[in-house]
Amino acid sequence: AYAALNMSLGRFNVYAGVRFESYRSSLESYPSETNFRTRTNTYRYNNALPSLNATYNLTPRMLVRLAYGMSVNRQEFRELSPSTYYDFDMFSTITGNPDLRQAVVQNVDLRYELYPAAGETISIAVFYKHFKNPIEWTYTDAGGSYIYSFQNALSADLYGLELEVKKDLAFMGLRNFSLAFNASWIKSNVHFPSDGIEHDRPMQGQSPYLVNTGLFYQNDKIGFSAAVLYNRIGKRIVGIGR
């Protein structure tokens, strides 16, 4: 179910809503390779997910946007199933965790947006995310090979900066050429119980920076288009040692 309200007050525009989701999944499995009595794990969640998008138009082509959203990251079947399978790319065994819980994410970002012309965008944003029970890859050294699985961390915080540019290059004499650029700087930190042996660290799988850019050519008269793309991600943790 979903309900929303859109309000315009001069240069202000506010779009607010809430989404309700009732989720249930059931997993039947064998407790072990020798115990063939089935075990059933049932997962039930009722989530009310609010969202807010508020904009203030400085000029017809320039605005400031404040956005908030709550989302969930639910466990996938392969993350829950205790069955073991072999990953030939990682040369490792992978098994799920039936005790895994869904993650809840709070998202906030403040963004300045400029639209110089049709199809062109320049935006600068600061953002923050809070994770409750984030799901992470873990690994155990099995003596010459690794066994990967999944676990919940207590919580995590993430914040950063983002720059995005979409620009037609005709002003440089390059007709039919356009540039797309997106870059983010990201700082993440996972939190643990005070009596645990782990210390604060970056989130598993989260890069400290991302760069995506592309140079595009499109000629509608001859029906031809081409692109050169570049992507780079910073070093990130593959799995959490246990």
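An open sheet of five strands, with mixed pairing, runs in the order E5-E6-E10-E9-E15. Strands here are DSSP runs of E with at least two residues, numbered from the N terminus, and two of them pair if DSSP finds at least two bridges between them. At the edges lie strand E5 (84–87) and E15, each of which pairs on one side only. Before we go on, note that this is a predicted model: local features need pLDDT of at least 70, side-chain atom pairs count only at pLDDT 80 or more, and totals for chains, interfaces and linings use all residues. Residues are numbered from 1 along each chain as its sequence is written, and side-chain values use heavy atoms, leaving out hydrogens and water.

Let us follow E9 (residues 135–141) and its partners. Seven bridges pair E9 with E10 (residues 146–152) in the antiparallel sense. The two form a hairpin with four residues between them, and Gly 143 in that turn has a positive phi of about 80°. E9 is also joined to strand E15 (residues 240–241), by two bridges, and these strands run parallel. Tyr 139 has Gly 241 as its bridge partner in E15.

Now look at the rings. A pair of aromatic rings is described by the distance of the centres and the angle of the planes. Rings of Phe, Tyr and Trp (its six-membered ring) pair if their centres lie within 6.5 Å; planes under 30 degrees apart count as stacked, over 60 as edge-to-face and the rest as tilted. The whole structure holds eleven aromatic pairs. One of them joins Tyr 146 and Tyr 148 edge-to-face, at 6.5 Å centre to centre and 65° between the planes. Ring pairs also link these two tyrosines with Trp 137, Tyr 139 and Phe 150 into a cluster.

Elsewhere, a charge meets a ring: the charged end of Lys 167 sits over the ring of Phe 171, 5.2 Å from its centre. The cut-offs for this are NZ of Lys or CZ of Arg within 6 Å of the ring centre and within 35 degrees of the ring normal.

Finally, visit strand E8, where Val 126 lies. Val 126 is partly exposed because its relative accessible area is 39%.

Definitions and conventions
Buried means under 20% relative accessible area, exposed over 50%, partly exposed in between (1.4 Å probe, protein chains only).
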